[in-house]
Amino acid sequence: MKAAVLHRPGAPLTVEDVELDAPGPGEVTLRVLAAGVCHSDLHYMNGDLDVRLPAVLGHEGTGVVERVGEGVTRVRPGDTVITLWRPRCGDCEFCTTGRPALCSLGRVQAASGGLLDGTSRLNRNGEKLHHLMGVSCFAEQCVVSERSVLAIDPDVPPEIAAITGCAVVTGAGAALNVMKDATGEGVVVIGAGGVGLSAVMGLRLVGADPIVAVDTVDAKLEKALELGATHAVNVRTHSLVDELTRISPRPMAWSLDAVGAPQTLAQAVEVVGTGGTAVAVGLGKVGATAAVPVNPLVQQEKRLIGSLYGSANTPVDIPKLVELFKSGRLPLDKLLGKRYELSEVNQAYAALAQGATGRAVIVPGPELCARIGS
């Protein structure tokens, strides 16, 4: 099969012929239909985040089950599924206490560069290749644990299904799970990429008001307004503090940092008023730290909290998000950006790095790309 391989940080991905082993016990083979162009992969590509190399990238995807390994019970051949880069065991401390996004299985895959048993199903000319977060869906096919897939309605467009498994559940999930008390409260969303835009849509469902989108690219801010933001601020040309004072006499009660840079995280804490909460969802460079003034944090009882994967219980939350899309209440079709073939994966990431609007998707080949793009 064809797959996009990262050999070293800073190098472009190379689309190569890769051998994929049969699924082991508890694993399934997917024919990939679509994969989202997520900024996290760019972090791995430029070395901001660590991954065992060489590796096949891609973690936000959807596909059809082609083959199942011994003992698989959750899905069967022919099922359409969304890939989950954070599996859920159901038995660990975090799963049993209602925080399955922190399930220990995710750390196993990240540390080994393999699947749940720590081994890989990928190789090229006898050389072992690693998986990314147990998925590796920048490929025509992938082998994943059955705990890393969730069956969905096959009528859901594949590009919608793909982005729901990461960008949408991370952004909208944070809004619905962590910021559910923001009804009638002002919220600042820093970063209008796929995750930030998904948060805007989720906050609109929550009933937050005003919802202020912040970015440095006007086209992204226009998209945020289309998806439910009430105001937009380009911090390249305007002072955020001044604009927030103009927008509302009341201090903002919530903020969400979808960027993950030290300066944006510090800004998220700064812009909330007394008793306000800043929610961090964006990942940054390994070892990066943010400077947060101590006295305002204490004296104003501000809070800074993290949210991984939308703090979601994915088997419950993702089907809800899909139903919200199908009912017209979550316009994920408006979130979509450009479609790219697998051979164009580096062009997709160059566009992302340059501020492309919406969530782009990769599809395995020209025929499918043309069909999905239509």
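A residue is called buried when its relative accessible area is under 20%, exposed when that area is over 50%, and partly exposed in between, as computed with a 1.4 Å probe on protein chains only. The structure is a predicted model, in which local features need pLDDT of at least 70 and side-chain atom pairs count only at pLDDT 80 or more, whereas totals for chains, interfaces and linings use all residues. Residues are numbered from 1 along each chain as its sequence is written, and side-chain values use heavy atoms, with hydrogens and water left out.

Phe138 and Tyr349 are both buried. Helices and strands are DSSP runs numbered from the N terminus, a helix being H or I over at least four residues and a strand being E over at least two.

Helix α10 was considered in terms of length and burial. The expected span of a helix is 1.5 Å times one less than its number of residues. For the 13 residues of α10 (residues 314-326) this gives 18 Å, which agrees with the 18 Å between the end C-alpha atoms. Within α10, the buried residues are Thr314, Asp317, Ile318, Leu321, Val322, Leu324 and Phe325. Viewed down the axis of α10, these buried residues fall within an arc of 160 degrees, so they line one face of the helix; the arc is that of the directions from the helix axis to the C-beta atoms. The buried residues of α10 pack against β7 (80-83), β11 (149-151), α4 (158-178), α5 (194-206) and α11 (332-335), where contact means heavy atoms within 4.5 Å. Just after α10, Gly328 adopts a positive phi of about 90 degrees.

Helix α5, one of the packing partners of α10, has 13 residues and reaches 18 Å from its first C-alpha to its last, close to the 18 Å expected. This helix is mostly covered, with 11 of its 13 residues buried; among them are Val195, Leu197, Met201 and Val206. Gly207 follows α5 and has a positive phi, near 95 degrees. In the loop between α5 and β13 (211-215) lies Pro210, which is joined to Asp209 by a cis peptide bond with omega of about 0 degrees. A cis peptide bond also joins Leu53 and Pro54, with omega of about -5 degrees; Pro54 lies in the loop between α1 (39-46) and β5 (55-56).

In helix α3 (residues 104-112), Leu105, Gly106, Gln109 and Ser112 are buried. Seen down the axis of α3, the buried residues fall within an arc of 150 degrees and so line one face of the helix. These residues pack against β9, while the face turned away from the buried side carries the exposed residues Ala110 and Ala111. Gly113, which follows α3, has a positive phi near 70 degrees.

The loop between β17 (303-306) and α10 contains Tyr309, whose phi is near 55 degrees, a positive value in a residue other than glycine. Tyr309 is buried, with a relative accessible area of 2%. Ser311 lies in the loop between β17 and α10 and has a positive phi of about 50 degrees although it is not a glycine. Ser311 counts as partly exposed, at 34% relative accessibility.

Grid points are joined across faces, edges and corners, and a volume is the space filled by probe spheres set on the points. The whole structure holds one cavity of 30 Å³ or more. The largest cavity has a volume of about 40 Å³, and its lining includes Arg86, Arg88, Tyr309 and Thr314.

Notes. On a 1 Å grid over the protein atoms alone, a cavity is a set of points where a 1.4 Å probe fits but cannot get out, and a pocket is an open set with protein on both sides within 12 Å along at least five of seven lines; lining residues have an atom within 4 Å of a point.
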